[in-house]
Amino acid sequence: MKRRKTGPSGVVAAPLDAHTQVLAKETGLPSVKDGRLRTYEPGDNVARFLDLLGKRISRPLAVSMTACVHCGLCAESCHYFLARPDDPTMTPVWKADQIRKIFKRHIDWTGRIAPWWVKAGSLHDDEDLNRLKNIVFGSCSACRRCTYNCPMGVDTGLLVRFARGVLTELGIVPEGVFNVSRDQWETGNQMAVSEQDYLETLEWMRDEVGAELGDDTVEIPVDKPDCEILYTINPREIKFDPRSIAHAAKIFHLVGESWTMPKWGWDQTNFGLFSGDDKLGAFVARNVYEAAERLRAKRIVISECGHGYRSTRWEGYTWADYEQTRPTESVVITLKRYLEEGRIAVNPARNAEPVTFHDSCNIARSGDIVEEPREVLRRVCADFREMYPNRRENFCCTGGGGLLSMAEYRPLRLEVGKLKADQLRATGAKLVCTMCHNCVDGLSDIIKHYKLPLRVVQVLELVANALVVRGASGT
Amino acid sequence: MPTIEIEGRQLEVNEEGFLLHPEQWTEETAKLLAKAEEGLDELTAEHWAVVKFIRDYYLEKNLAPMVRKMCQATGFPLMKIYDLFPSGPAKGACKVAGLPKPDGCV
Amino acid sequence: MSDLLRTLENEVQIGALAFMAVVYTVRLVWIFRFRVRRDRTFPAGREAAGAGYSLMNIAMPGAMESTRKRPGFYTQFVVFHLGVAAAIAGTLIIPYAPGLFESRPAVLAFQAIVAAALFMGLLRLVRRLTNPVLRSVSSPDDYFSLILLLLWFAAAVLALPNRPEEGEGPLILYFGLTAFFLVYVPFSKICHYLYYPFTRYYLGRSLGHRGAFPPAKDERARARRSGESRA
């Protein structure tokens with residue numbers, strides 16, 4: 001860190017836009033009326049914030065607050081700072097300190113008696129809370145790359161989620177965060193897809209796969225009990241791009257898998273992870289777990305989604321206080337198993353263009369999956385190449401943390417996407433494969449903005465492309 | 001608010017290139033958006049079939065239509081929608097049809 | 001040796017240590033009052049292995065990109081903290097095992113470590129005063145702790161030969177500052193070593209549960225190998 005000058009702060013000065021919250025209250029939405037979905041109320045929000053802070057802080061968070069020695073090593077691990085090296089407000093340490101100073105002032109010791117000595121500070125009004133909102137929602141994708149680079153083990157990513165959660169309880173959130181939370185509370189899925197649309201889309205994809213295979217026994221079973229697999233998806237797959245559902249259905253059919261999708265509880269994505277709202281997180285995750293229980297499925301399989309994987313496989317059980325009883329895995333693990341067991345045949349020459357793999361933060365850093373997608377890709381692609389750094393050291397796609405639903409932070413997000421653009425360009429690949437839908441959009445935005453000669457694909461698509469169809473039941 | 005300027009005309013858009021004032025949409029606007037945001041130099045009859053459907057649906061229901069409905073109404077398979085609008089139905093076709101950005105992580 | 005120095009080397013140190021122990025105990029109770037949520041998922045790795053790997057972080061500069069890219073920075077850290085250890089050892093050797101410092105090589109060795117630590121600390125002070133990132137977050141405690149520590153190192157270098165008959169100044173300063181630190185440290189960032197086991201344990205246990213810690217053999221090497229493409 002040899003730079004001496006400091007430039008203007010990149011923190012976006014977005015005002016609090018609560019008009020959809022007002023609408024939600026006026027139309028008497030059930031989740032607002034019974035207090036599950038919190039809205040902004042004028043009043044002493046700072047006092048409410050401090051009260052929640054005290055009540056909610058856990059031990060790992062408390063020690064993350066106290067353990068920071070201001071060494072600054074985290075700075076160069078963060079894509080926000082690396083893209084804006086003249087801007088200390090983009091460093092994890094500075095961002096965490098905006099939360100930490102409140103803890104020091106109100107909960108810790110020295111900061112309560114001599115706040116100026118330890119740079120403790122408080123919030124004074126809704127303006128301050130809004131500014132904090134812009135920092136924790138708009139300047140950080142909670143990718144935890146800083147966490148992995150901190151010598152003390154301070155978990156800034158988790159601190160950011162914590163602060164977001166408190167602000168969400170006060171309704172001091174970006175409009176996009178409120179809207180998606182509202183949709184997920186009210187309809188059980190992030191994009192307010194109706195049951196009818198869901199079922200009809202599944203039927204449509206069933207017909208498409210059947211037509212493609214020339215086989216009218218293709219099924220996408222809904223609410224079928226006692227199956228091996230309960231398959232859960234991202235609502236984006238229904239609303240905007242159902243091709244991934246078709247890919248999965250095709251593969252399950254060829255393998256002769258016993259599978260079903262649930263009528264309710266099919267959304268594996270979870271906005272509670274991004275908004276910091278454990279209540280929403282619990283509600284959504286529980287829908288999936290209970291669907292599996294209701295249908296007596298042997299295992300839960302999660303389609304390709306980063307935050308959905310992390311929420312459904314890991315965090316959701318804790319949020320919902322639900323003891324895990326059945327295996328919960330990513331569809332990529334399922335695919336790997338099929339390939340290893342020889343239940344599907346593939347020809348890698350069908351994916352001839354050079355492919356690179358983008359590790360998603362919620363899957364690699366906050367999860368357990370690193371080698372498995374590579375093993376699959378090496379079987380289904382002719383030219384697989386790594387980007388650097390990769391695996392748990394990869395850089396965030398910049399679309400993480402729910403940023404894709406927050407339009408006001410997009411210019412900053414694209415600006416700091418420069419790191420990612422350089423990384424992608426250096427691979428010389430034509431395709432970048434990722435296991436996360438948010439990464440698909442985050443990377444697509446970067447590819448478009450930086451005019452890169454790349455296309456984003458997912459593992460299911462590459463496997464489906466490479467399939468060698470051996471006959472109606474694939475054996 | 002950012003504007004995109006194309007062929008001497010200014011269009012106010014949000015940070016993602018979606019029309020800020022959806023009610024101000026005209027066919028001219030569609031052409032401008034298609035060029036600026038999707039890199040489409042001209043819109044064929046097929047493009048217009050999709051755009052008109054989306055626009056009418058939005059005006060009637062105040063919602064973006066699901067891609068399935070787009071396919072049903074126009075008779076195009078899903079792949080065709082992606083061929084016509086590289087950014088896809090939500091970010092491509094809906095944007096050209098002058099809709100505000102759909103909610104959610106898209 | 002004057003009565004002042006003798007008391008400073010003994011009763012005052014013991015009193016200050018006792019005070020620190022009491023405050024630390026209260027601090028630990030305070031930490032343990034915050035709750036921990038139980039993980040209810042099937043593990044993908046071993047929590048104990050993850051926690052162990054995480055706790056060993058200070059001894060593994062290759063484990064993190066941040067320290068891997070800055071070996072000089074890491075070296076400064078090591079030397080600085082060895083100096084702290086040596087200077088603390090000195091405050092126990094001088095009153096209770098002074099025979100050790102009758103050996104000139106032993107004294108020189110200690111002085112060398114502390115002097116090196118002093119030098120590293122000065123570099124760090126310059127960095128804290130000039131680097132814009134550090135200036136944006138550093139508090140008076142950050143500056144004060146470091147400056148006072150450097151003063152302590154300087155006093156130690158002069159005091160370690162343990163010759164009160166040649167002038168008690170350095171020894172008084174050395175033991176005086178030690179007592180001050182014992183009382184001040186629990187309220188300052190300096191007690192980060194108390195939190196280190198907690199943050200690293202919780203992070204390591206969580207990531208161990210998820211199979212992320214420790215990384216698989218070769219994972220880190222493969223993550224950073226440059227310029228390679230595999231067909």
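Contact is defined here as heavy atoms within 4.5 Å. By this definition, 32 residues of chain A and 25 residues of chain B take part in the contact between them. The structure is a predicted model, in which local features need pLDDT of at least 70 and side-chain atom pairs count only at pLDDT 80 or more, whereas totals for chains, interfaces and linings use all residues. Residues are numbered from 1 along each chain as its sequence is written, chains are lettered from A in the order in which they are written, and side-chain values use heavy atoms, with hydrogens and water left out.

The size of an interface is often given as the accessible area lost when the parts come together. Buried area is the accessible area (1.4 Å probe) that two parts lose on being put together, summed over both. Between chain A and chain B about 2400 Å² is buried, and carbon and sulfur atoms give 58% of this area. On the chain A side, Trp204(A), Phe240(A) and Arg243(A) lose the most area to chain B, together 27% of what that side buries. Four salt bridges (a side-chain nitrogen of Lys or Arg within 4 Å of a carboxyl oxygen of Asp or Glu) are found across the interface of chain A and chain B. In a salt bridge between Arg68(B) and Glu200(A), the closest N and O atoms are 2.8 Å apart. By class, the side of chain A that touches chain B has 12 nonpolar, six polar and 14 charged residues. In this scheme Ala, Val, Leu, Ile, Met, Phe, Trp, Tyr, Cys and Pro count as nonpolar, Asp, Glu, Lys and Arg as charged, and the others, Gly among them, as polar.

Among the two pairs of chains that touch, chains A and C have the most contacts. Chain C gives 70 residues to this contact and chain A gives 81 residues. The area buried between chain C and chain A is about 6600 Å², with 55% from carbon and sulfur atoms. In chain C, the residues that lose the most area to chain A are Arg40(C), Phe42(C) and Arg210(C), together 12% of what that side buries. Nine salt bridges are found across the interface of chain C and chain A. Asp108(A) and Arg27(C) form a salt bridge through their side chains (2.8 Å, N to O). Helix α9(C) supplies 10 residues, the largest share of the side of chain C that touches chain A. Helices are DSSP runs (H or I, at least four residues), numbered from the N terminus. Chain B and chain C do not touch, and their nearest C-alpha atoms are 26 Å apart.

Within chain C, Ser188(C) lies in the loop between α8 (169-184) and α9. Its relative accessible area is 6%, so Ser188(C) is buried, a term for values under 20% (1.4 Å probe, protein chains only). Leaving aside neighbours within four places in sequence, Ser188(C) is in contact with Asp141(C) and Ser145(C).

In chain B, helix α1 (residues 27-38) has 12 residues and reaches 15 Å from its first C-alpha to its last, close to the 16 Å expected at 1.5 Å a residue. The expected span is 1.5 Å times one less than the number of residues. The buried residues of α1(B) include Leu32(B), Leu33(B) and Glu37(B). Gly39(B), with a positive phi near 70°, follows α1(B).

Note on methods. Helices (H or I, at least four residues) and strands (E, at least two) are DSSP runs, numbered from the N terminus. Buried means under 20% relative accessible area, exposed over 50%, partly exposed in between (1.4 Å probe, protein chains only).
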